[in-house]
Amino acid sequence: MKEKSKQKARPYSAHDEVNVRTLTINRDFEVVSANGKFQKTFGTWKDRKCFEVFGQSEAVCNRCKVAATFADGKTRSFVMQLRDKKGTDGYYRIFLTPHRDDEGVVTHVVGMSIDISEWERDIEQSRTLLDNVPCFITVIDKNFKILTANKLVRETFGRYRDLHCFESYKGRKTVCTNCPARLVFDDGQTHNSLQEGYDKEGNRVIYMVTVSPYTMKGDKVESVVEMALDVTKTFFLEKELRAVRDFQETVLHNATDGIIASDADDVITIYNPAAKEILQYPFESVIGKKKGEDLYPAEFIESLKKVSRPVIHREGKMQNYKGKEIPVLFSGTQLKKRNGTVVGKVIFFHDLRDIKRLEQEVLDAERLAAVGQTVAGLSHGIKNILMGLEGGVYVVNSGIKRNDNDLIHQGWNMIQNNIGKISAFTKEFLSFARGSTPQVKQTEPAAVANDVAALYRDVTRQSGIAFNTQFNEGVAAAPMDPEGMHTCLANLISNAIDACLMSDTGHPEIIFSLFEKKGIICYEIRDNGCGMDYDIKKKIFTNFFSTKGSGQGTGLGLLTTRKIVQEHGGTISFTSSPGEGSVFTIELSRHRLPVPQVEDKQS
Amino acid sequence: MKKILIIDDEPDVVLYLKTILEDHNYETCVAHDADTGMNMALACSPDLIFLDIVMPKKSGASFYKEVKEHAVLKDIPVAVISGVGNAYGLKRSAFTDMVKDAHVEAPQGFFEKPLDVAALTAFLDEVLNKKREV
């Protein structure tokens, strides 16, 4: 712009119309001309220096741009705060242009100013807005240089000025391979992407970024705005949740126990593969379709409701898809919210079929062992009788040789006694053999005990033995062979009586009791008789023999007793000390008792 | 005449043994349990003791240990008579196990029921005559 006129600024009427204020300043900083708009804003200017007009100061401003223009003759543009005639500060975009004379010397500077206060206010507001948005906002140019960044970016990533976005966000030296901004520059569309960077302390930051075009040049995108939401916490929470979920799924999937969970309405929500394996119902027919009560027994659900803690290890039966009963071991718990509201329940069940089979095998093995011991016991009994017979014959012969009638008589008695023993032995042996097929039916345990007790009341009274019974009548009926159990108890009480008779205790006593603990029916026979010492105790259950005198006991009593108890899946055990007495205990575990063969309609 | 103490709770065995021993010119004394047996041993100083293992109250094994630890009685030979026999593997070692003391010497004789009379008398001759020679 080479203007020759150095007189008053030409009166551009247009200048007065547009919102532009113009003035001309000479080297003495005196305003030599100005347009109407200028005067209207800043007041009178005639004979005043520019810095006086703007009320900035009384001397030339520090770093005066007009002085600089006079010095270097270059045009400049800048934003400056100026005070108008009313004393209001405003922002102005100012353009300074040098005016040269014919010799090229700058004689005047022409200034034009545009009031941009409102823009600035808008920008200020936008900046405040941007700074308060809870996400990272940056504007970047085509070269990925950050033009501006909001407070959260500054606080989180630190430096951004003159940096590429990849440097600031990630500490990288090159553009990211999955850069969404590049896509925006290419197609002008908005793009989203999950990115990972590092904050100024080096911590991982995961953010979801949305990039949109910001400024355009023609149809080319000049700059883009990146808005990124910090999802680090969410990301890690999600990851953790996924891990927990994966773990649960793995546990559910691989558990060998059946697991069924149902919601507050008892509708089944979880039915794991092991549950399917046991129950055979197809998945699709159970989840969301069946209720928990359709699958497990009502009494188990009741027991769950009754207690606040988990119910563990309760035996029961479930019906599978084909209607077959499966013995299982239940555990379970109600699922509750913190406030106690029941939101569902989860049941674990263990298939007991294998265990039941193993138990049966053990029972069979025990039975076989009992047979072996029976044979050994029998041979021992037979040996004793044989000895008695041989002895009798010897004594008789000897009596004949010695011509001793008394000795002959004694020998003959011995023979007779042993023949009598054979008869008793045979009878017991038959009863022992008979028991091989126990007649099992629902039986009141106390009824058997009462029968046996009645049988021995007279004998004990005559022998001066106190006979006390303690039967818990509440022990529920159980499948057993009443006759077999009668034999067992009779044998043990008969032994206890003998033990009392063999002892010289002043107050012989037998306590016969019946009780149940944890599903085990117990018969206990306690005496304060002679007891047994180590040697006898060691033999009593490996070899059955009699310690009773001639003609009393065959050695089969305990053998028979043990056999019958074993046929009931039970055990017989004892404790004993010489001179103090013995305690024999028959323990019958309910879940091992045989299945009734004879249905007792009355029970 | 040599004196032999029989300790057994079974009258049949006692009578049988007593008769055999008398037939072979031995004097006998009898006890039906271990405690009486101990008193008899002290009272009649037997040359040999026949001992049953399984008896009420105190067993033959316990009695045996007491005898072998007794200052006066420990040198009396003991023969064990048992129905518990070979079928149950009762050997000399098993007997000392029963006595629960390895330092106690094994009994001099073992006899099973039913009795082998010839073996029994041969044993008596050997043990008691040997003793006489010493």
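Let me begin with Asp527(A), whose bridge partner in strand 22 of chain A is Ser582(A); strands here are DSSP runs of E with at least two residues, helices are runs of H or I with at least four, and both are numbered from the N terminus. Please keep in mind that this is a predicted model, in which local features need pLDDT of at least 70 and side-chain atom pairs count only at pLDDT 80 or more, while totals for chains, interfaces and linings use all residues. Residues are numbered from 1 along each chain as its sequence is written, and chains are lettered from A and ligands numbered from 1 in the order in which they are written.

Strand 20 (residues 520-527) and strand 22 (residues 581-589), both of chain A, pair in the antiparallel sense over eight bridges, where pairing requires that DSSP finds at least two bridges between two strands. Strand 20 of chain A is also joined by eight bridges to strand 19 (residues 509-517) of chain A, and these two run antiparallel, with Glu516(A) standing opposite Ile521(A). In the hairpin that strands 19 and 20 of chain A form, there are two residues between the strands, and Lys518(A) takes a positive phi near 50 degrees.
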